[in-house]
Amino acid sequence: MTQAVERVVIIGAGQAGGEAALRLRAGGFEGAVTVIGEEPLPPYQRPPLSKKYLSGEWDQDRLLLRDREAYAQEKLVLRLGAAATAIDRAAKTVRTDDGQDIAYDALILATGSRARALPVPGADLPGVFRLRTAADVDAIRAWIRPRARLAVIGAGYIGLEAAAVARGLGLEVAVIEAAPRPLSRVTSPEVSAFFLERHTAEGVTFALSAQAAFIAGDHHVESVGLKDGSEVAADLVLVGVGVLPEMGLAQAAGLKTEDGILTDADTRTSDPAIFAIGDCARRPISFYGGRLCRLESVHNAIEGAKLAAAAILKASPPALEAPWFWSDQYDLKLQIAGLFQGYDRLVLRGEPGPQGFAAFYFAGDKLIAVDAVNRPAEFLGAKQLIQRGQTVAFERLQDMSVPMKEIVAQARPLS
Amino acid sequence: MPKITYIEHNGKEHTIEAAVGQTVMEGAVKHAIPGIDADCGGACACATCHVYVDPAWADKTGKPGGMEQSMLDFANDVEPTSRLSCQIKVTAELDGLVVRMPPSQH
Ligand SMILES: Cc1cc2nc3c(=O)[nH]c(=O)nc-3n(C[C@H](O)[C@H](O)[C@H](O)COP(=O)(O)OP(=O)(O)OC[C@H]3O[C@@H](n4cnc5c(N)ncnc54)[C@H](O)[C@@H]3O)c2cc1C
Ligand code: FES
């Protein structure tokens, strides 16, 4: 892009799209910004959907990233309840479902991801839900009754968070998971075991290494049938088996994709006028040797928004953060920094228990990630170390008498 | 509704009315007042909602809890009245509260 950018169009009014619009203004962009969003709500946060919004503690307004009026004040045009249906890269326009063409100089794709469907008979019965949008949660809440039996298919973060909330609301909860342990794709066996134990103590039952074969019921769901022939009785079912990047528009427009819309470190796609950020995008992460990662997190949505805004404004890029994430279950706050894939050593700081502990992941002597349970200092400390490219001796971490702050202060650069 | 004044690091003041039950963080973010990032949206998971409570108000807002203090230990430019603003609930007693923003949240 050599000419000045005067019109930015953003497809997707989720956390990444909303942040990008706000960051453009905050960075001094004075041109037109149009955000096209399929959902009726202005940009909102999804993390509370499986936490305080599901429990009923938060109302819908609290989910919103900004007050509704804030966008008009910033002269940002939100076109909500409108879907983008095509991108014309030659004409630099985006078509919307009401047949309009909106011209852009720079386009940001922030289309997020969608819940993966469960390919079994009965998955469309009333009482079978997924948990991706505020509307999904509103629908689930209408079915929640004390003592109702909830079957959660998929023991990822969202499924387990929902299980914890449901127990708090007095439901009976059974979790069905195809892998031999919960959270198998996102953490180590040690941390999985800790969460399995806690949920079991809270009264959640688990069917592990178990695959759902069908969902049965006459007019609404009554049970989930498993491949081994057994059945789990259920009044409602939550399917939480992961998400798929929403990249149909990008593919139709001929952009490079591979498990996400591929971008460079500045979030630019294979078309220099088009950027992709958030759950739909896959970019190199510098702390891991530029490995291409498609991250599904608030951190990634916000960082992508900052990067795209900086690239469009030709401003200096933001300081990068090590990937981070959190999950709330019961009174446990799990905070994760870094990417644990490919670790060859796990170092525990503290014994897994309600008082909190942290699992540090190393590849060789490089600290690559931490799972910290009720241990914010270990989380923030490890995050700083990863960002600085520093590491610490395993034994130091195991010594609980040394505060994390001190360990971080004495860290050494990677050899 | 209680009034809260936020003072950006550059001295710019914003006074807004916050709803009781909201947090001091939400009062700023929902009104798009710059200076508080609040990346995690109030989950006490990010430490990017750091503020300095005006010393005259420090007794009323109280001290940080254990988790909050651990997070503050890793924040930049911490002062004696530093708090994570997502952990301060807006109450009628906080009408008139003044908080200042640190130089940066990251
Ligand atoms: C229940 C739940 C709990 C979570 N908990 C956490 C957590 O604790 N911590 C954490 O870090 N992350 C969490 N996440 C993940 C985090 O919320 C996501 O990574 C983040 O929302 C991604 O932002 P995004 O803007 O890329 O996508 P989204 O927020 O999904 O927004 C994309 C938007 O684009 C719209 N869209 C798509 N295609 C089109 C089109 N063609 N035209 C118009 N609009 C379109 C969609 O309708 C959607 O509104 C959670 C997610 C869920 C669902
Ligand atoms: S908003 Fe994240 S810790 Fe306060």
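In chain A, A:Val35 stands opposite A:Leu78 in β3(A). The model is predicted: local features need pLDDT of at least 70, side-chain atom pairs count only at pLDDT 80 or more, and totals for chains, interfaces and linings use all residues. Residues are numbered from 1 along each chain as its sequence is written, chains are lettered from A and ligands numbered from 1 in the order in which they are written, and side-chain values use heavy atoms, with hydrogens and water left out.

Strand β2 (residues 32-37) of chain A runs parallel to β3(A) and is joined to it by 5 bridges; strands pair if DSSP finds at least two bridges between them. Strands (E, at least two residues) and helices (H or I, at least four) are DSSP runs numbered from the N terminus. The open sheet has 5 strands in the order β3-β2-β1-β7-β19 (chain A), with parallel pairing. Its edge strands each pair on one side only.

| Edge strand (chain A) | Residues |
|---|---|
| β3 | 76-80 |
| β19 | 274-276 |

From one strand to the next, the twist averages 15 degrees, with axes fitted to C-alpha atoms and angles from 0 to 180 degrees between N-to-C directions.

Helix α6 (residues 189-201) of chain A has 13 residues. Buried (under 20% relative accessible area, 1.4 Å probe, protein chains only; exposed is over 50%, partly exposed in between) are A:Val191, A:Ser192, A:Phe194, A:Phe195, A:Arg198 and A:His199 of α6(A). Seen down the axis of α6(A), the buried residues fall within an arc of 160 degrees, so they line one face of the helix; the arc is that of directions from the helix axis to the C-beta atoms. On the other side of α6(A), A:Glu197 and A:Ala201 are exposed. A:Gly203, with a positive phi near 100 degrees, follows α6(A).

Notes
The expected span of a helix is 1.5 Å times one less than its number of residues.
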